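Subject: Handing over the structure

Hello,

Here is the structure I promised to pass on to you. Please open it first, and then read on for what turned up in it.

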Amino acid sequence: MTKLIRVSCAIILDSGKVLCAQRSENMDLPLKWELPGGKIEENESAAECLKREIFEELNIEIQIIRSFESNIHQYSPLKKIELIPFLCSFINSGITLKEHKDFCWKEIVKLAEMDWAEADIPIIRDFVQWYSLNRTQTHSI
Ligand SMILES: Nc1nc2c([nH]c(=O)n2[C@@H]2O[C@H](COP(=O)(O)OP(=O)(O)OP(=O)(O)O)[C@@H](O)[C@H]2O)c(=O)[nH]1
């Protein structure tokens, strides 16, 4: 049976825009856009993983606001991931890319235009829908 790989990812919201990261040519899913994050290690919670990965990949600290429903996606017979999203804000802002090719801040209404990794598509759709219903609560972010 295929092992389920659990992956935490961050929807980092700042001034109504979300941080999108582009995978580099030499990564799996080359040049696809993703939400920064990574694989959850043994003895680590999804939230702990996210803080560690975001610091390792982008050199920034985040504050987790809430989690959203995860998405299970089978990329191939041997690769099945559970992508677990968290809404986050910044603590500091000097992004240094350690692994990704590029990053951008995308307005929420334009998020669906990006060429996302397949597992991210339902997560982005659900987040855009949630934001349109809850934007008044997120004004301070
Ligand atoms: N971090 C992150 N990973 C994602 C997203 N969407 C998605 O399908 N993935 C997949 O989840 C896995 C996360 O692995 P990772 O970020 O720790 O590292 P990686 O590319 O070095 O993994 P690899 O060792 O499989 O090549 C990758 O296989 C990646 O393709 C996403 O939005 N964020």
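Let me start at strand β8 (residues 102-107), which is hardly covered: the count of buried residues among its 6 residues is 0. Here a residue is buried if 20 or more other C-beta atoms lie within 10 Å of its own, exposed if 12 or fewer, and partly exposed in between, with C-beta atoms placed from the backbone. Helices (H or I, at least four residues) and strands (E, at least two) are DSSP runs, numbered from the N terminus.

Two notes before going further. What you have is a predicted model, in which local features need pLDDT of at least 70 and side-chain atom pairs count only at pLDDT 80 or more, while totals for chains, interfaces and linings use all residues. Residues are numbered from 1 along each chain as its sequence is written.

Back to β8: this strand runs antiparallel to β2, and 6 bridges join them. Ala21 stands opposite Phe103 in β8. Two strands count as paired if DSSP finds at least two bridges between them.

**Around β7**

Strand β7 (79-90) has several partners. With β1 it runs parallel, joined by 9 bridges, and Cys9 has Pro85 in β7 as its bridge partner. The pairing of β5 with β7 is antiparallel, over 5 bridges, and there Ser67 stands opposite Phe86. β6 also pairs with β7 in the antiparallel sense, again over 5 bridges; Gln74 has Lys80 in β7 as its bridge partner. Between β6 and β7 there are 2 residues, and the two strands form a hairpin.

Ile84 is buried, with 21 other C-beta atoms within 10 Å. Leaving aside neighbours within four places in sequence, Ile84 is in contact with Arg6, Val7, Ser8, Cys9, Ala46, Ser67 and Ser70; contact means that the C-beta atoms of two residues, placed from the backbone, lie within 7 Å. Ala119 is 35 residues away from Ile84 along the chain, and their C-alpha atoms are separated by 10 Å.

**The two helices**

Helix α1 has 13 residues and reaches 18 Å from its first C-alpha to its last, close to the 18 Å expected at 1.5 Å a residue. The expected span is 1.5 Å times one less than the number of residues in the helix. Buried in α1 are Cys49, Leu50, Lys51, Glu53, Ile54, Glu57 and Leu58, and what covers them includes β1, β4, β5 and β7. Just after α1, Asn59 takes a positive phi of about 65°.

Which of its residues are buried? They are Ile123, Ile124 and Phe127. Seen down the axis of α2, the buried residues fall within an arc of 95°, so they line one face of the helix; the arc is that of the directions from the helix axis to the C-beta atoms. These buried residues pack against β1 (4-14), β6 (71-76) and β7. The face of α2 turned away from its buried side carries the exposed residues Gln129, Ser132 and Leu133.

**The core**

The largest nonpolar core has 31 residues, and Ala10, Ile11, Ile12, Val18, Leu83 and Cys88 touch the most other members. The elements that give two or more residues to this core are β1, β2 (17-22), α1 (46-58), β7 and α2. A nonpolar core is a set of buried Ala, Val, Leu, Ile, Met, Phe, Trp, Tyr and Cys residues joined through C-beta atoms within 7 Å. Not counting residues up to four places away in sequence, Val18 touches Ile11, Ile12, Leu13, Lys106, Ile108 and Leu111.

**The ligand**

There are 15 residues around the ligand, and Glu34, Gly37, Gly38, Ala117 and Ala119 come nearest. The elements that give two or more residues to this shell are β1, β4 (37-39) and β7. β4 provides the largest share, 3 residues.

**Two loop residues**

Ser15, in the loop between β1 and β2, has a positive phi of about 50° although it is not a glycine. With 7 C-beta neighbours inside 10 Å, Ser15 counts as exposed. Asn43 lies in the loop between β4 and α1 and has a positive phi near 60°. Asn43 also counts as exposed, with 6 C-beta neighbours inside 10 Å.

Technical notes: Near = placed C-beta within 6 Å.
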